[in-house]
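The tour below moves from one chain to the pair and then back to single residues.

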Number of protein chains: 2
Amino acid sequence: MAKINIDADGVYNDLYEYMFTNFPELRVYFKGAENFTAADVHTSERFRKQGEHILLAIRILVNVFDDEITLKSYARETVNRHREFKLDPLLWKAFFTVFVGYLGTKIKLDEKTKKAWTSIGKVFAEECWRYLKESDFSIS
Amino acid sequence: MAKINIDADGVYNDLYEYMFTNFPELRVYFKGAENFTAADVHTSERFRKQGEHILLAIRILVNVFDDEITLKSYARETVNRHREFKLDPLLWKAFFTVFVGYLGTKIKLDEKTKKAWTSIGKVFAEECWRYLKESDFSIS
């Protein structure tokens, strides 16, 4: 994966600024930040940390992608950890649209790379949906 | 990594039973379970979940091991997530002694495999210690 604007020591990244600017309808899932602007996100310790977490999650996903047991276990844990936020299940896939858009602001993405990300997102989301159904959580 | 007694759907694993039996001095880090026996662990929903989490963490570690940025970021997040438990920093390495012992109850381990696990544990622990020092947390 391209080195986005982050390194292991937690250099700031602006994924959430991008999300709040370009997908403001997703702000509803961030309690207390529903009306945040990109400028509010920029100065927020919460979103600094969350930015680190979400990029680490994507890095982990890419690394475990070919290890089916780990991928399934990771999807399961990720769904459980997000349960309290009552996400629309479609977001497990839609997030990758956000992410690919963000990545495109950092590096030039060719079609092949975009398709690879879409494919990763699809497999991950389908596993999340499978687990949601199996565990009787609501799924639209 | 060997398929230990767990799969993606969360089949029970007995790593914590092994730990509580063979390393009872570590129970002090599990608030409310300081006096748990293996039998108590066995029937505990908390340790069922925690058993899943810790095996997933090991699977992730193995998968990201050769991706330095992700490995560092994962060590950092793992340290932060454990900060509240006030672990002896030596445990970041010592845990792998517990784990290799556990693994040896499941599969036959040759010397090469044991050394590989020790090496993984050493690299991971050293990154945890580096981050602990850098972030001014206490380290013995």
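Helices are taken here as DSSP runs of at least four residues and strands as runs of at least two, numbered from the N terminus. With the caution that this is a predicted model, begin by selecting chain A, which holds six helices and zero strands and, read along its sequence, follows the pattern α-α-α-α-α-α. Colour chain A by accessibility next: of its 140 residues, 42% are buried. Among the contacts in chain A with a separation of 6 or more, residues 24 or more positions apart account for 68%.

**The nonpolar core**

Show the side chains of A:Met19, A:Phe99 and B:Phe99, which are the residues with the most contacts inside the largest nonpolar core, a set of 78 residues. Staying with A:Met19, and leaving aside residues up to four places away in sequence, you will find that A:Met19 touches A:Pro24, A:Leu26, A:Phe30, A:Phe95 and A:Val98.

**A loop arginine**

Select A:Arg27, which sits in the loop between helix H1 (15–22) and helix H2 (38–42) of chain A. Which residues does A:Arg27 touch, not counting those up to four places away in sequence? They are A:Phe20, A:Ala33, A:Glu34, A:Asn35 and A:Phe36. A distance drawn from A:Arg27 to A:Thr37, C-alpha to C-alpha, comes to 9.6 Å, the two being ten residues apart in sequence.

**The two chains together**

Now bring chain B into view and superpose it on chain A: a rotation of 180° with 0.0 Å of shift along its axis does this, with an RMSD of 0.0 Å. The two copies are therefore related as by a two-fold rotation axis. To find that axis from the side of chain B, select B:Asn63, whose C-alpha is the nearest in chain B, at 2.9 Å from the axis.

Selecting the residues in contact across the interface gives 22 of chain B and 22 of chain A. Because 100% of the interface residues of chain B are also interface residues in chain A, the copies meet through the same surface. The size of an interface is often given as the accessible area lost when the parts come together. Between chain B and chain A that buried area is about 2100 Å², with 55% of it given by carbon and sulfur atoms.

Residue pairs in polar contact between the two chains number four. On the side of chain B that touches chain A, helix H3 (45–64), H4 and helix H6 (111–134) of chain B each supply at least two residues, and the largest share, eight residues, comes from H3(B).

**A positive phi in each chain**

Finish at A:Lys86, in the loop between helix H4 (68–82) and helix H5 (91–104) of chain A. Most residues other than glycine have a negative phi. A:Lys86, although not a glycine, has a positive phi of about 50°. Is A:Lys86 buried or exposed? A:Lys86 is exposed, with a relative accessible area of 68%, where exposed requires over 50%. Then select B:Lys86, in the loop between helix H4 (68–82) and helix H5 (91–104) of chain B, which has a positive phi of about 50° and is exposed at 68% relative accessible area.

Definitions and conventions
Residues are numbered from 1 along each chain as its sequence is written. Chains are lettered from A and ligands numbered from 1 in the order in which they are written. This is a predicted model: local features need pLDDT of at least 70, side-chain atom pairs count only at pLDDT 80 or more; totals for chains, interfaces and linings use all residues. Side-chain values use heavy atoms; hydrogens and water are left out. Buried means under 20% relative accessible area, exposed over 50%, partly exposed in between (1.4 Å probe, protein chains only). A nonpolar core is a set of buried Ala, Val, Leu, Ile, Met, Phe, Trp, Tyr and Cys residues joined through side-chain atoms within 4.5 Å. Contact means heavy atoms within 4.5 Å. Copies are superposed by least squares on the C-alpha atoms of residues with pLDDT of at least 70 in both. Buried area is the accessible area (1.4 Å probe) that two parts lose on being put together, summed over both. A polar contact is a pair of N or O atoms within 3.5 Å; within protein, one must be able to donate a hydrogen and the other to accept it, and residues adjacent in sequence count only if both atoms are side-chain atoms.
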